[in-house]
Amino acid sequence: MKSSPTFNFKKHFSTYNHYAYVQKKVAQELIEWIPKINIQTALEIGCGTGIFTEQIINYFHPKTLIINDYYDTRPFLSVPYSDFLLGNVEKIELPKTEIILSSSVFQWINTNNLNALFEKLSKKCSSLAFSMYVEGNLKEIKEHFDYSLNYQAPVNIKRILEKYFPSVKMKNSTYVYHFQQPIEALKHLKYTGVTNTLNKTSLSKLRHFPSKTLTYEVGYFYTFNEIQK
Ligand SMILES: C[S@@+](CC[C@H](N)C(=O)[O-])C[C@H]1O[C@@H](n2cnc3c(N)ncnc32)[C@H](O)[C@@H]1O
């Protein structure tokens, strides 16, 4: 199988909100699943255009909300926040907050680096809550183009988290989206920044993509100290 590319959001932030119905659904399901604990300070990783940021604000009303993205997405944000941290979460210095949240981001972290990332985050918060795409995600793309990110099995992610957090909760969801035509499915992926590599594939291979459905496999994770349960 071809190796995973870097992500390609920069070009697509302006169209992202219109096409990101999966990411919206995932952000909503994540926030509704996290217990509504009393929080003063929060950090969001990979805020993008602020879809999940808005949910965090409405749900937790944190006094301090620091947001981060690899790219400078500030021109696309219409939500209030305390501070914007620009850069790769794996590399930059992070502040301490009560909770760290992230939706639809960690599948972009190289599998070999997840361990180090979770260790880093565990030193900066008492709770970590996130969604990420997991094993079996976008199987239609993998089958036709022989291309996939190295999506992890949810149990593997949970096992890594358990090294650094005392309690870990997990759940999975599958979403199947139906499109009128296969090309609509590919457009949806393109405009949400998922298919950088497909730009390099042959036109004929693109034209012959047969599937009118896309299957998303999502893992939800919530880690907490026993007292917070
Ligand atoms: C699919 S978008 C999700 C955006 C938003 N969280 C949402 O739910 O709509 C993924 C975002 O993660 C950001 N991202 C990916 N890798 C990152 C990293 N290593 N550090 C910080 N941000 C990252 C991308 O720039 C992009 O904005």
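Modeller: This is a predicted model. Let us start with a pair of helices.

Biologist: How do you know which residues of helix 2 meet helix 3?

Modeller: Contact requires C-beta atoms within 7 Å. On the helix 2 side, Gln23, Lys24, Ala27, Gln28 and Ile31 take part. From helix 3 come Ile51, Phe52, Gln55, Ile56 and Tyr59. That contact divides into 6 nonpolar, 3 polar and 1 charged.

Biologist: What makes strand 3 and strand 6 edge strands?

Modeller: The sheet is open, with 7 strands in the order 3-2-1-4-5-7-6. Strand 3 (83-86) and strand 6 (167-178) each have a single partner strand, so one side of each has no neighbour in the sheet. From one strand to the next, the twist averages 15°.

Biologist: How do you know that strand 1 pairs with strand 2?

Modeller: Pairing takes at least two bridges. Strand 1 (residues 41-44) and strand 2 are joined by 4 bridges. That meets the cut-off, so they pair. The two run parallel. Within strand 2, isoleucine 66 stands opposite leucine 43.

Biologist: Which elements supply at least two residues each to the shell around the ligand?

Modeller: Helix 2 (21-33), helix 3 (51-60) and strand 2 (64-69) do. There are 23 residues around the ligand. Gly46, Gly48, Ile51, Tyr70 and Val89 come nearest. Ile51 also belongs to the contact of helix 3 with helix 2.

Biologist: How many residues of that shell are nonpolar, polar and charged?

Modeller: The shell around the ligand holds 14 nonpolar, 7 polar and 2 charged residues.

Key. Residues are numbered from 1 along each chain as its sequence is written. This is a predicted model: local features need pLDDT of at least 70, side-chain atom pairs count only at pLDDT 80 or more; totals for chains, interfaces and linings use all residues. A residue is near a molecule or strand if its C-beta atom, placed from the backbone, lies within 6 Å of it. Ala, Val, Leu, Ile, Met, Phe, Trp, Tyr, Cys and Pro count as nonpolar, Asp, Glu, Lys and Arg as charged, and the others, Gly among them, as polar. Axes are lines fitted to C-alpha atoms, for helices over the stretch in contact, and angles run from 0 to 180 degrees between N-to-C directions. Two residues are in contact if their C-beta atoms, placed from the backbone, lie within 7 Å.
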